[in-house]
Amino acid sequence: MFPKAALYVGGRLIGAAITVLVGAIAVYVVMKAAPGDPALAVLGENARPEAVAAFRLKHHLDQPFWSQLAIWLGGLARGDFGLSLTIAGGIPISELIAARLPVTVFVGLYAVAIAVLISLAMGTVAALRRGRALDTIATSVAVLGISMPDFWLSYMLVFAFALGWRLFPAYGFTSPVDSVAQAIYSGFLPALAIAAPMAAVFARMLRTSLLETASREYVVAARSFGFSPGFVFRHYVFRNALIPYLTIIGLQIRYLLGGVVVIERIFGIQGMGSLMVDAAFARDYPTVLACTVVFLGIVLLVNVVVDLVCVALDPRRST
Amino acid sequence: MPSKHETGIHRRVVLGAGVAAAAGTALPWFARPATAAAGTLRAGIAGYNVINTLDPGKHSLIPEAYVVWAMFNALVKFNGKMEVVPDLAESFATKDANTLEFKLRPGVKFHDGSEMTGDDVKFTIERLQDEKYASPNKGKVSEVKEVRVVDPLTVQIVTNKAFAPLLAFLTNARTGTQIVPRKVVQAIGDDAFGKQPVGTGAYKLTGWKANESVTLAAHDAYFVKGQPSLATVEIPLIAEESSGVTALKGGQIDLTSTAPFADVPTLEQDKSLKIVKQPGMNCRFIAVNHRKPPFDDVHFRRAVSMAFDRNAMVKVVLFGEGVPSHGLIPPSLAYAYDAKPREISVFNPERAKAELAQSKYATGLGEVPILTWGSSWWKRIVEVFALQVNQTLGTKFTVEVNEANTVFARQKSGDFQGSVWGWLGPVDPDEYVGEVLSTKGWRNFYGYSNPKLDALAELGRAELDLAKRGAIYKQAEDIAIEDAAVLPCFCSNIHNIMAAKVQGFTQLPYSNFGDQFASITMG
């Protein structure tokens with residue numbers, strides 16, 4: 001059993017490393033193919049041609065495409081992401097990521113926690129009260145949650161809780177590295193805005209999954225043994241219904257890394273998504289590449305973790 | 001929370017004894033209650049979140065300038081009427097057509113305590129001229145032949161020939177000519193100086209988090225008596241303009257560098273806020289490529305110039321926050337500004353159609369993409385322009401959206417037919433007319449060439465008398481509009497919005513910001 005699991009995990013990790021490398025090269029090729037010039041981004045439109053030429057020389061931008069890639073891959077092999085070109089000129093990218101990754105992870109987990117709490121309650125209630133008023137209410141709220149644009153919800157939250165009742169700051173976020181309490185406080189509105197559509201998706205998923213599981217034969221069999229409805233729900237229905245639910249949460253991680261840029265902007269959160277978008281617009285090639293590697297690494301890692309948790313929940317999956 | 005990069009100045013390290021406000025509390029700038037921040041100004045830069053360098057010589061982006069202006073001084077500066085007045089210089093005089101002499105203010109101290117002298121002035125200008133340093137601001141001093149240090153407090157700047165823009169290029173604006181200390185720069189090198197700048201300004205750098213915020217503390221030895229009055233300035237970098245407004249309304253900042261045009265009318269109703277505005281130093285225009293059809297035909301260009309209504313554009317695009325342009329020079333350069341509507345720049349459908357009939361393209365024309373970017377008012381300019389011209393002339397102008405960076409690159413390489421463009425912050429008429437429209441002007445990417453305009457631009461650069469100089473540029477603009485060299489649309493307002501308690505901010509039309517921190521008090 002153990003060597004099998006080790007092989008499984010090891011194989012997944014090697015596959016992940018190859019995916020990261022191929023992904024990074026693909027992003028690099030696409031970035032280079034797009035028009036635009038980092039020298040213009042950093043020197044501004046007032047820059048004379050001499051200054052632009054000097055900038056290109058200094059950052060190897062005058063070299064052929066493949067040798068630039070080789071320089072970057074060489075650095076990556078030594079664990080060096082290089083220096084930011086245009087969005088934080090001259091600062092090591094590893095420092096930028098070290099500052100931003102905790103922010104993104106914190107806000108992401110915060111949002112997932114809120115979404116899980118809401119969806120567990122909503123999904124379970126809806127499933128248990130299928131077809132009744134509570135189910136209709138929960139399902140309608142979920143549809144609303146999915147259809148509300150997150151930026152619109154963000155502004156509504158700001159108007160109500162920050163500008164109206166003055167309970168939270170309208171703008172600004174403290175990194176959990178500086179103060180966890182402040183991070184929880186200043187991160188509440190953005191986390192809620194991110195969580196709302198997720199909670200809706202999770203709740204619907206959980207409801208469907210619970211109802212489907214509840215009609216399985218082994219559940220009917222369990223009932224026929226005379227187990228109490230609560231016991232059957234906890235041990236036969238809920239546990240098995242969690243597998244698709246967890247898979248959906250795992251899929252949302254990608255969204256949390258890169259898809260919440262608008263919310264990061266509205267609340268002034270310095271997250272990975274904003275870093276990558278800013279870097280892409282300013283043609284900060286090494287920063288975009290570093291972000292890509294980190295993103296891919298995290299997504300793949302999360303997939304492995306979700307798979308392992310599912311295996312734990314359902315041992316048949318390990319074979 | 002990006003970058004705790006070690007710049008030699010650790011973030012939130014307090015240098016001066018009297019500068020305790022920033023570090024005294026563990027709370028970040030936005031979480032502090034407004035009452036406790038009496039000694040702190042929270043001045044948000046909205047719409048930008050990138051500062052790559054704070055070295056004046058290397059700076060080029062607007063947010064970089066905003067902060068540089070707080071930490072440095074130049075020899076001269078603009079006053080509220082946009083007149084050039086002494087700053088680090090006590091006085092200045094024109095010795096002859098090619099020589100400006102500056103008497104320096106004695107006893108001015110840099111942030112490191114050393115004294116500013118004529119040698120630093122010489123070093124600053126020669127550094128800008130150095131090829132290896134590769135300053136984006138090199139053009140500002142390219143006509144300087146020599147900087148003579150007559151004595152420690154007297155400096156003469158000699159140009160190759162009479163060069164009228166020089167004085168404006170020596171102000172504390174987007175010029176790069178702010179005075180830096182020779183000793184510090186040579187000791188730590190140019191790159192390090194960009195991260196730990198040392199100037200003579202009212203504020204010095206104490207903290208900097210990449211893409212997030214800059215923190216300044218008062219320079220106790222600042223040469224203006226009684227300034228600055230606030231111990232600390234926190235400058236959050238707020239990527240979205242609208243978020244700057246939200247932060248101001250929520251009480252997280254006291255002052256913002258700009259606001260979306262659409263928000264201005266409602267903000268003006270808000271009693272808890274003050275809003276200052278005026279037409280800025282900018283001109284937004286439709287650039288046309290004279291090397292390619294259809295804008296290679298002067299009749300076609302004139303037809304298009306008369307086929308759209310600039311007043312309507314101001315209303316629709318800017319929500320009234322601006323003035324229509326009938327030339328490139330903005331109203332704030334009063335001596336050179338011509339408010340009169342020129343014939344070819346006034347909406348006139350009949351004449352436009354008549355001009356079109358005379359052009360090579362009278363019998364029809366395919367689609368003509370006009371480049372723009374983003375989703376904001378820059379895009380709206382082109383939408384309104386294309387719609388009006390198509391309605392008037394029956395043309396098929398289309399809106400092509402790229403990124404700003406790409407649009408500029410395509411203009412430079414000549415890969416465009418028409419494109420929106422606009423410069424913000426140039427302080428001399430030559431930058432608006434000579435550099436954009438003369439045949440060899442470095443901002444002339446359009447292939448426009450008219451010897452008469454070239455001659456006037458040359459005259460304008462050499463004429464030291466302001467009134468005569470202004471008249472020259474008015475003539476040059478007459479020619480440019482007659483040729484429809486580019487199609488000026490409007491000059492937009494600049495805005496600063498602040499909490500009602502903020503006093504002492506004087507707005508200048510080039511969109512100044514950091515240079516006002518010294519005089520700000522909080523009532």
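This briefing covers chain B as a whole, one of its sheets, and a helix of chain A. The model is predicted: local features need pLDDT of at least 70, side-chain atom pairs count only at pLDDT 80 or more, and totals for chains, interfaces and linings use all residues. Residues are numbered from 1 along each chain as its sequence is written, and chains are lettered from A in the order in which they are written.

**Chain B overall**
- Chain B has 16 helices and 20 strands (DSSP runs: H or I of at least four residues, E of at least two, numbered from the N terminus).
- Its C-alpha atoms fill a box of roughly 75 × 55 × 35 Å along the principal axes.
- Of its 523 residues, 54% are buried (20 or more other C-beta atoms within 10 Å of the residue's own, with C-beta atoms placed from the backbone).

**A sheet in chain B**
- Four strands form an open sheet in the order β4-β5-β7-β6 (chain B), with antiparallel pairing (two strands pair if DSSP finds at least two bridges between them).
- The edge strands are β4 (89-96) and β6 (144-151) of chain B.
- Six bridges join β6(B) to β7 (residues 154-159) of chain B.
- B:Thr154 in β7(B) is the bridge partner of B:Asp151.

**Helix α13 of chain A**
- Eight of the ten residues of α13 (residues 272-281) of chain A are buried, so the helix is largely enclosed by the rest of the structure.
- Among the buried residues are A:Met272, A:Leu275 and A:Met276.
- After α13(A) comes A:Arg283, with a positive phi near 55 degrees.

Key:
Buried ≥ 20, exposed ≤ 12 C-beta atoms within 10 Å, placed from the backbone.
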